[in-house]
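Hi everyone, thanks for coming. Let's have the structure up on the screen and walk through it together.

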Amino acid sequence: MTTVFDVPADRYIRSLAEELKKKPEITPPEWSLFAKTGVHKEMPPEDPDWWFVRVASIMRRVYIDGPIGVERMRTFYGGGKNRGSRPTQFRKGSGSILRKSLQQLEAAGLIIHDKTGRRISPQGMSFMDNLARRLVQQAEKTA
């Protein structure tokens, strides 16, 4: 059986973002046009579809690492803050972006929230594995 682990992450996340655009529950908040993705960034993302790419990335991360919480995911989406002539220091990513994304995925029925953290629902696992299967079949046809 083909799973998310069988497809390269960059290709999978882009395809998943395209699929999530079709879901009415996944919509970028109005503040996403000018929000940075963390204190370690100097500017907001340039890609107009960055919200869908981030939600797809979060969904894949929950699939791989779940059950997982927002605080632990903040470290995954963090990075080094440029402090001028001083050495860079690690800063966590935005918790608000993660929370809103996870809440939208829960509303779509793709993620379950319980006392251990957030994990993929059976519908979400089926959705993601079917996408992985389609991507592998496309790759076999072109090869």
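This is a predicted model: local features need pLDDT of at least 70, side-chain atom pairs count only at pLDDT 80 or more; totals for chains, interfaces and linings use all residues.

So, what covers the buried residues of α4? The cover includes α1 (9-21), α2 (50-65), α3 (70-76), β3 (111-114) and β4 (117-120). Cover here goes by contact, meaning heavy atoms within 4.5 Å, and buried means under 20% relative accessible area with a 1.4 Å probe, protein chains only. Helices (H or I, at least four residues) and strands (E, at least two) are DSSP runs, numbered from the N terminus.

Residues are numbered from 1 along each chain as its sequence is written, and side-chain values use heavy atoms, with hydrogens and water left out.

Back to α4, residues 95-107. Its buried residues are Gly95, Ile97, Leu98, Ser101, Leu102, Gln104 and Leu105. After the helix comes Gly109, with a positive phi near 80 degrees.

Leu105 also turns up in the largest nonpolar core, among the residues with the most contacts inside it. That core has 36 residues; a nonpolar core is a set of buried Ala, Val, Leu, Ile, Met, Phe, Trp, Tyr and Cys residues joined through side-chain atoms within 4.5 Å. Which helix gives the most to this core? That's α2, with ten residues.

Leu16 is another of the core residues with the most contacts. Not counting residues up to four places away in sequence, Leu16 touches Ala56, Met59, Phe127, Met128 and Leu131.

Key:
The expected span of a helix is 1.5 Å times one less than its number of residues. Buried means under 20% relative accessible area, exposed over 50%, partly exposed in between (1.4 Å probe, protein chains only).
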